[in-house]
Amino acid sequence: MSVFKVNLSAINPKEEHRRTPSIESLVDTGAELSWMPKQVLLDIGIHSRGKKRFTTAAGQIVERDFGYAILSAEGYQTNDEVVFAEKGDLTLLGVRTLEGFGVMVDNIGHRFVATTSIATVACPK
């Protein structure tokens, strides 16, 4: 496994002119959701839609607010849930965001590689 970071920004889906500055974020294929600083999300009008519980890499259970945003990095965008990271939390780009981007992670080249989306279609008889 390798570690690399990308610049991640969030856009308010109701007011797309409101967006966070780009924030250096750890690409974490072990994290389900992406995490961004709480105040940065609040500043662009992203509001909490509820709370979720998470197990950290150290095995600790934490509870955090989450909301909905358009996430953008490396020229890719997707709608996704985003966790309101609190002081001491990392800023992360999680696997659901990567799937929404339609990319795979090249851990050697430290980059995203575009993939095709899987579609289920009816086969003619």
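Reader: Which residue forms a salt bridge with Asp-106, and how far apart are the closest N and O atoms?

Author: A salt bridge is called when a side-chain nitrogen of Lys or Arg is within 4 Å of a carboxyl oxygen of Asp or Glu. Here Asp-106 pairs with Arg-111, with the closest N and O atoms 3.1 Å apart. This is a predicted model, in which local features need pLDDT of at least 70 and side-chain atom pairs count only at pLDDT 80 or more, while totals for chains, interfaces and linings use all residues. Residues are numbered from 1 along each chain as its sequence is written, and side-chain values use heavy atoms, with hydrogens and water left out.

Reader: Why does Arg-111 count as partly exposed?

Author: The classes rest on relative accessible area: buried is under 20%, exposed is over 50%, and partly exposed is in between (1.4 Å probe, protein chains only). Arg-111 has a relative accessible area of 46%, so it counts as partly exposed.

Reader: How many salt bridges are there in the whole structure?

Author: The search finds 11. One of them joins the side chains of Lys-5 and Glu-24, at 3.8 Å from N to O. These two residues are 19 apart and link distant parts of the chain, Lys-5 being in strand 1 (residues 5-11) and Glu-24 in strand 2 (residues 23-27). Helices (H or I, at least four residues) and strands (E, at least two) are DSSP runs, numbered from the N terminus. Glu-24 counts as exposed because its relative accessibility is 53%.

Reader: Which residues are linked in a network of salt bridges?

Author: The network links Glu-32, Lys-52, Asp-80, Glu-81 and Arg-96. Take the salt bridge between the side chains of Arg-96 and Glu-81, at 2.9 Å from N to O.

Reader: How should I read the pairing of strand 1?

Author: Two strands pair if DSSP finds at least two bridges between them. Strand 1 pairs with strand 2 in the antiparallel sense over four bridges. It also pairs with strand 5, again antiparallel and over four bridges. On the strand 2 side, Lys-5 has Leu-26 as its bridge partner; on the strand 5 side, Leu-8 stands opposite Ala-73. Strand 1 is mostly covered, with five of its seven residues buried.

Reader: Where is Gly-100, and which residues does it touch?

Author: Gly-100 is in helix 2 (residues 95-101). A contact means heavy atoms within 4.5 Å. Leaving out residues up to four places away in sequence, Gly-100 touches Gln-77 and Thr-78. The C-alpha atoms of Gly-100 and Thr-78 are 5.3 Å apart, although 22 residues separate the two along the chain. Gly-100 has 37% relative accessibility and therefore counts as partly exposed.

Reader: Which residues have a positive phi although they are not glycine?

Author: Glu-74 is one, with a phi of about 55°. Glu-74 lies in the loop between strand 5 (61-73) and strand 6 (76-85). His-110 is another, with a phi of about 50°. The place of His-110 is the loop between strand 8 (103-106) and strand 9 (111-114). His-110 is partly exposed, at 38% relative accessibility.

Reader: What is the volume of the largest pocket, and which residues are closest to its centre?

Author: On a 1 Å grid over the protein atoms alone, a pocket is an open set of points where a 1.4 Å probe fits, with protein on both sides within 12 Å along at least five of seven lines; lining residues have an atom within 4 Å of a point. Points are joined across faces, edges and corners, and the volume is the space filled by probe spheres set on them. The largest pocket has about 440 Å³. Its lining has 18 residues, and those closest to the centre are Trp-35, Thr-55, Thr-56, Ala-57 and Leu-92. Strand 4 (50-55) and strand 5 are the elements that give two or more residues to this lining.

Reader: How does the lining of the largest pocket divide by class?

Author: Ala, Val, Leu, Ile, Met, Phe, Trp, Tyr, Cys and Pro count as nonpolar, Asp, Glu, Lys and Arg as charged, and the others, Gly among them, as polar. The lining of the largest pocket has nine nonpolar, five polar and four charged residues. The second largest pocket holds about 210 Å³. Its lining has three nonpolar, five polar and two charged residues, including Pro-13, Lys-14, His-47, Arg-49 and Tyr-68.
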